[in-house]
Amino acid sequence: MEFWAFLASLMGVFAFFQSLINIVFPPDLRFASAKLLYRLCHCFSSSCYFDITEIDGVNTNELYNAVQIYLSGSASVAASRLSVSRPLNSSAFTFGLASNDRLVDTFRGATATWEHVVTQRQSQAFSWRPLPDEKRGFTLMIKKKDKPLILQAYLQHIMDTATLLRRSNEERLLYTNSRGGAMDSRVHPWDSVPFKHPSTFKTLAMDQIKKEAIMADLKDFAEREVFYQRTGRAWKRGYLLYGPPGTGKSSMIAAMANYLNYDVYDLELTEVQTNSELRKLLMKTTSKSIIVIEDIDCSINLTNRSSGWKKAMPLYDSTFGSDDANAGKTITLSGLLNFADGLWSCCGNERIFVFTTNHIEKLDPALLRSGRMDMHICMSYCSYEALKTLMQNYLSPEDVEPEHEGGNAELLKELEEVINGVDITPADVSEILIKNRRRKKHEAMAELLEVLKNRAKNKGRGGSLKAFEKENGEEEQEKRALGSPKEGKEAANRCNGKNEE
Ligand SMILES: Nc1ncnc2c1ncn2[C@@H]1O[C@H](COP(=O)(O)OP(=O)(O)OP(=O)(O)O)[C@@H](O)[C@H]1O
Ligand SMILES: [Mg+2]
């Protein structure tokens with residue numbers, strides 16, 4: 001009984017104080033005073049907080065991704081509750097901090113507490129820019145006294161560690177631009193899968209001098225951040241790969257990516273509607289990546305910027321009005337050049353642009369002009385040197401050594417003589433070797449020789465690539481190897497092994 005009387009009097013006191021607060025602080029004032037109280041507490045608090053959200057305005061926040069990777073390393077040992085995932089096609093498990101869970105990290109004696117904050121986004125009735133359903137972010141809490149000492153260095157340490165972790169996992173990604181597929185394609189315009197192309201410079205069949213020049217160029221690019229900064233140049237490089245189908249242009253891109261450990265962005269230009277869309281895609285690529293536009297002559301008409309070219313371009317045929325009327329509504333050559341070369345191309349660092357084409361003669365001179373693409377690389381028909389690489393790949397290394405016991409020397413000599421007069425792509429040679437791989441090695445080589453001889457007989461061509469190379473001497477060869485910019489038609493003729501008209 002006494003207990004109930006006590007409880008009743010306690011509730012009476014509570015009600016009295018509540019009505020007193022209501023009288024002294026009207027609702028407006030109450031909110032303001034709560035805010036004031038919060039600020040006061042904050043002033044006297046010894047901690048400070050930083051929010052790192054997944055989406056920063058329109059851009060994906062690179063720091064958020066870096067924190068996620070960085071914490072995934074320590075999360076697996078330190079956190080009590082983890083999210084574990086295995087991305088599609090990936091070979092590794094990824095640990096992450098579960099929603100609203102915490103993890104304590106230390107850096108140079110200072111303590112940093114991380115919290116992964118995931119909240120539901122309020123449903124959007126209509127939006128020009130649909131956002132994901134969940135709002136994700138990390139909150140970093142550190143002591144105020146540590147702020148000047150560690151903040152800059154700690155965040156940089158996170159970025160560097162995340163890069164290292166990603167590279168050591170060798171989980172590089174192949175991105176492609178999605179359209180209409182994903183609901184949030186405006187926020188995440190790139191879809192990605194792990195990049196696992198096995199092509200390397202070792203397996204790539206081409207002339208050794210050319211190959212080494214390209215590798216040296218790539219290495220030089222990747223190692224010369226200071227040079228680019230000192231000379232005021234954007235840290236990017238452009239390569240134009242041209243040549244007949246099946247000569248290894250795509251394989252070369254994969255070899256480049258594997259050599260430098262870069263991600264690959266395969267840009268499908270026909271999926272991009274406007275120049276501004278192109279710019280946005282570019283903004284959402286990461287550093288240390290290769291941005292590829294394959295078959296550039298087919299993706300967009302780049303022969304001429306005058307009105308004549310539109311007729312030839314089914315993609316734009318009906319949609320085009322006057323240039324002015326359509327400015328900004330369609331993708332144009334100048335938009336593409338800005339993408340690869342203009343101010344926008346510099347958002348981000350250490351990026352390589354690669355364009356490929358089977359028809360260099362169709363490209364606008366603006367795209368070929370000196371300095372636009374740093375290197376023009378002709379991928380041409382199979383030379384004897386390239387043939388040897390392919391035989392090493394598909395047969396065995398010893399088979400291409402003439403002095404090898406059991407001797408394929410005769411066959412090799414004949415192959416060398418015949419291939420000089422035949423235009424055969426590495427893709428065709430690969431096919432023949434794959435088809436015959438179950439047979440004895442010398443039988444596979446004999447089969448290849450047979451095919452080459454037949455081709456030489458049927459074609460009876462004089463102006464093969466090799467003949468052309470011999471005619472034009474070493475100097476010309478070298479220029480072509482490094483691809484000094486030149487008119488497209490001229491370059492195409494050389495690459496196709498024809499004499500200039
Ligand atoms: N230079 C090469 N070295 C090694 N393999 C090659 C080479 N060229 C072609 N191949 C083989 O032929 C296949 C097709 O080559 P690839 O796709 O790289 O040619 P491409 O030049 O990109 O052709 P396209 O112009 O049709 O896109 C590859 O899978 C590879 O096995
Ligand atoms: Mg290709």
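1. The buried residues of α15 pack against α16 (409-419) and α17. Helix α15 itself covers residues 384-394, and its buried set is A386, L387, K388, T389, L390, M391 and Y394. I call a residue buried if 20 or more other C-beta atoms lie within 10 Å of its own, exposed if 12 or fewer, and partly exposed in between, with C-beta atoms placed from the backbone. Packing here goes by contacts, that is, C-beta atoms (placed from the backbone) within 7 Å. Helices (H or I, at least four residues) and strands (E, at least two) are DSSP runs, numbered from the N terminus.

2. Keep in mind that this is a predicted model: local features need pLDDT of at least 70, side-chain atom pairs count only at pLDDT 80 or more, and totals for chains, interfaces and linings use all residues. Residues are numbered from 1 along each chain as its sequence is written, while chains are lettered from A and ligands numbered from 1 in the order in which they are written.

3. Overall, the chain has 20 helices and 15 strands. Of its 501 residues, 28% are buried. Among contacts with a separation of 6 or more, 73% join residues 24 or more positions apart.

4. On to the cores (buried Ala, Val, Leu, Ile, Met, Phe, Trp, Tyr and Cys residues joined through C-beta atoms within 7 Å). The largest nonpolar core has 68 residues, and I253, V264, I290, V292, V354 and L433 have the most contacts inside it. Helix α7 gives the most to this core, six residues. Domain 2 (176-378) and domain 3 (384-459) both contribute, so this core lies between them; the domain bounds come from an automatic or database assignment. Another core, apart from this one, has eleven residues, including I52, V67, L97 and I158.

5. What is V292 in contact with, leaving aside its neighbours within four places in sequence? The list is I253, V264, Y265, D266, L267 and V354.

6. Ligand 1 is surrounded by 16 residues, the closest being P245, G248, S250, P426 and A427; the cut-off is a C-beta atom, placed from the backbone, within 6 Å of the ligand. Helices α7 (249-260) and α17 (426-435) each supply at least two residues of this shell. Domain 2 and domain 3 both give residues to the shell, so ligand 1 lies between them.

7. Last, L173 sits in strand β9 (residues 173-177). L173 is partly exposed, with 19 other C-beta atoms within 10 Å. Its C-alpha atom is 8.3 Å from that of Y262, 89 residues away along the chain.

How values were computed. Two residues are in contact if their C-beta atoms, placed from the backbone, lie within 7 Å.
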